[in-house]
Amino acid sequence: GGLATDVSVRKSRARGITVIGQKDVTIERFEVDQTAASGILCAYEEISRIPSNVRFVDGTVKNAGRQPGLSEKDPSNRAGVEFSGVGSVEFRDIRVTSPATDGVLGWAPDGTVHLYNIRVEDAPARGFDLADAAYFLEDLSAQGTDRTGIVVASSRLVKYGKLRSINVSQKDAQRLAF
C-alpha cells in the first residue's frame with residue numbers, strides 16, 4: 001500500500017505516474033504535464049501482481065505522450081489516463097487535456113473500474129476508449145475529440161450516470177458521440 005500527495009511531473013521522457021502490481025495505493029492532488037508515454041498508468045505486467053484498490057484522485061494530465069522520447073511511429077501507451085489488467089482501480093476528479101492519443105484508455109477482463117468526474121478535452125483520438133471490464137461511470141465528459149467521444153465495448157457490466165460528448169468525432173467519418 002501507499003499514499004502519495006501533491007505530486008508534480010513535468011517533461012518526462014517516459015510515463016508520468018505509474019502503479020504496477022501494487023494494491024491499496026492512493027495518488028491524490030497530482031499534476032502531470034508533458035510526458036513521452038501515458039500521463040498516468042495502472043497496470044499488470046507479467047513480472048508483477050494484479051493491481052487492486054488503486055485510486056487516482058484530484059489531478060490534471062496535460063500533453064501526455066507529446067514529449068519527445070518515444071517513437072512517433074508508435075501510438076500505443078500515449079493516452080492521458082491508461083489502465084490494463086487491473087483488479088480494481090478508481091479515477092476521480094481528473095482533467096485530461098490534449099493527450100497524444102486517447103483521453104482515457106483501458107481494459108480489465110477480470111477487474112472493476114470506477115471513473116467519476118473525468119473531463120477529456122482536445123484528444124486526437126477517442127475521449128474514452130474502454131473495453132472488457134466491469135465499469136461504473138459517473139459524470140464523464142469528452143469535448144473536442146477527433147474520434148468518438150465515449151466508447152465502452154465488450155464489457156460484462158456497465159453502470160453509468162451523466163455522460164457528455166461535446167463537439168466530438170470531428171475527423172471521424174462515422175460521426176459517433178457514443
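In the predicted model, Asp 6 is exposed, with a relative accessible area of 53%. The side chain of Asp 6 forms a salt bridge with that of Arg 29, at an N to O distance of 2.9 Å. This pair connects distant parts of the chain, since Asp 6 belongs to strand β1 (residues 2-12) and Arg 29 to strand β3 (residues 23-35), 23 residues apart. Arg 29 is partly exposed, with a relative accessible area of 38%.

Glu 90 lies in strand β7 (residues 88-97) and Arg 55 in strand β5 (residues 52-62), so the pair ties together parts of the chain that are 35 residues apart in sequence. Glu 90 has a relative accessible area of 14% and therefore counts as buried, the cut-off being under 20%. Arg 55, at 28% relative accessibility, is partly exposed.

The side chains of Asp 129 and Arg 126 likewise meet in a salt bridge, at 3.1 Å from N to O. Asp 129 is buried, its relative accessible area being 17%. In general, side chains of opposite charge can pair when their charged atoms come close.

Conventions
Residues are numbered from 1 along each chain as its sequence is written. This is a predicted model: local features need pLDDT of at least 70, side-chain atom pairs count only at pLDDT 80 or more; totals for chains, interfaces and linings use all residues. Side-chain values use heavy atoms; hydrogens and water are left out. A salt bridge is a side-chain nitrogen of Lys or Arg within 4 Å of a carboxyl oxygen of Asp or Glu. Helices (H or I, at least four residues) and strands (E, at least two) are DSSP runs, numbered from the N terminus. Buried means under 20% relative accessible area, exposed over 50%, partly exposed in between (1.4 Å probe, protein chains only).
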